[in-house]
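Hi,

Here is the structure I promised to pass on. Have a look at it first, and then read my notes below.

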Amino acid sequence: MDYLNSNNLLNSQQFGFRKRLSTDDAIFKLSHEILNALNNKVIVGSIFFDLAKAFHSVNHSLLINKLPSYGITGKAELLVESYLANRFQRVQLDSTTLKVKTTSTWSKVNQGVPQGSVLDPHLFLYINDLPNALTHNATPVLFADDTSIIISGQNVLRFQEELNATFGNISNWFKANSLSLNISKTF
């Protein structure tokens, strides 16, 4: 994180898992952008995206392929790659009331950020390039896997075009990055 911060590699709209930034900062940014548009008599709206099992969906190959664009190469890249490689998981159910112990077989994990490490939230910052998929009238507010997009337009027709283009672009970006929208919680 020190490397990413000192080289200004993280998107300024990402508020999650960063020192001196919080949900309050993300909410302030969101509110400020909406109020600013309303004060300027511009049509404004937001799309709030909810990702289904976001941390469990991180594609290891895509993540590794993004590292060089952030200057993470050589031994550092190999370290992250080895951290993600050859991981296995199983489930164990130990019911003392039923006096039954069941254990599944081991299965290889090819995606997802390992849970419980100080590194796992930082690896999810691979959504850092999501703002590149936005139209010029769309402003992102990111907090880890919570993605809010503010869209504005000078008239209703232009606003609708921006809204539809933004939703399509973001949906395509999520799909290309192996992330799934939870449509019932996206509005």
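Asn8 sits in the loop between H1 and H2, where helices (H or I, at least four residues) and strands (E, at least two) are DSSP runs numbered from the N terminus. Asn8 isn't a glycine, yet its phi is positive, about 50°. Most residues other than glycine have a negative phi. Asn8 is also exposed, with a relative accessible area of 66%; for that label, buried means under 20% relative accessible area, exposed over 50% and partly exposed in between (1.4 Å probe, protein chains only).

Before I go on, the housekeeping: this is a predicted model, so local features need pLDDT of at least 70 and side-chain atom pairs count only at pLDDT 80 or more, while totals for chains, interfaces and linings use all residues. Residues are numbered from 1 along each chain as its sequence is written, and side-chain values use heavy atoms, with hydrogens and water left out.

Asn86 is another non-glycine with a positive phi of about 50°. You'll find Asn86 in the loop between helix H4 (74–84) and strand E3 (87–89), and at 57% relative accessibility it counts as exposed.

Back to the loop between helix H1 (2–6) and helix H2 (23–39), which also holds Asn11. Asn11 counts as buried, at 18% relative accessibility. Its side chain reaches the backbone nitrogen of Gln13 at 2.7 Å. That is a polar contact: a pair of N or O atoms within 3.5 Å where, within protein, one must be able to donate a hydrogen and the other to accept it, and residues adjacent in sequence count only if both atoms are side-chain atoms. Leaving aside neighbours within four places in sequence, Asn11 is in contact (heavy atoms within 4.5 Å) with Arg18, Asn128 and Pro131.

Now for H2 itself. At its start, a side-chain oxygen of Ser22 comes to within 3.2 Å of the backbone nitrogen of Asp24. Just after H2, Lys41 takes a positive phi of about 60°. Which residues of H2 are buried? They are Ala26, Lys29, Leu30, Glu33 and Ala37. Seen down the axis of H2, these fall within an arc of 95°, so they line one face of the helix; the arc is that of the directions from the helix axis to the C-beta atoms. An α-helix has 3.6 residues a turn, so residues three or four places apart point the same way. The cover over the buried residues of H2 includes E1, strand E7 (138–143) and strand E8 (146–153). On the face turned away from that buried side are the exposed residues Asp24, Ile27, Phe28, Leu35 and Asn39.

Last, the rings. Rings of Phe, Tyr and Trp (its six-membered ring) pair if their centres lie within 6.5 Å, with planes under 30 degrees apart counted as stacked, over 60 as edge-to-face and the rest as tilted. By this rule there are three aromatic pairs. Phe49 and Phe167 are stacked, at 5.7 Å centre to centre and 20° between the planes. Phe49 lies in strand E1 (residues 43–49) and Phe167 in helix H6 (residues 156–176), so the pair ties together parts that are 118 residues apart in sequence. Phe49 is buried at 4% relative accessibility, whereas Phe167 is partly exposed at 32%. Trp173 and Phe174 pair edge-to-face, 5.8 Å centre to centre with 75° between the planes. Both are buried: Trp173 at 9% and Phe174 at 1%. Ring pairs link Phe49, Phe167, Trp173 and Phe174 into a cluster.

Cheers
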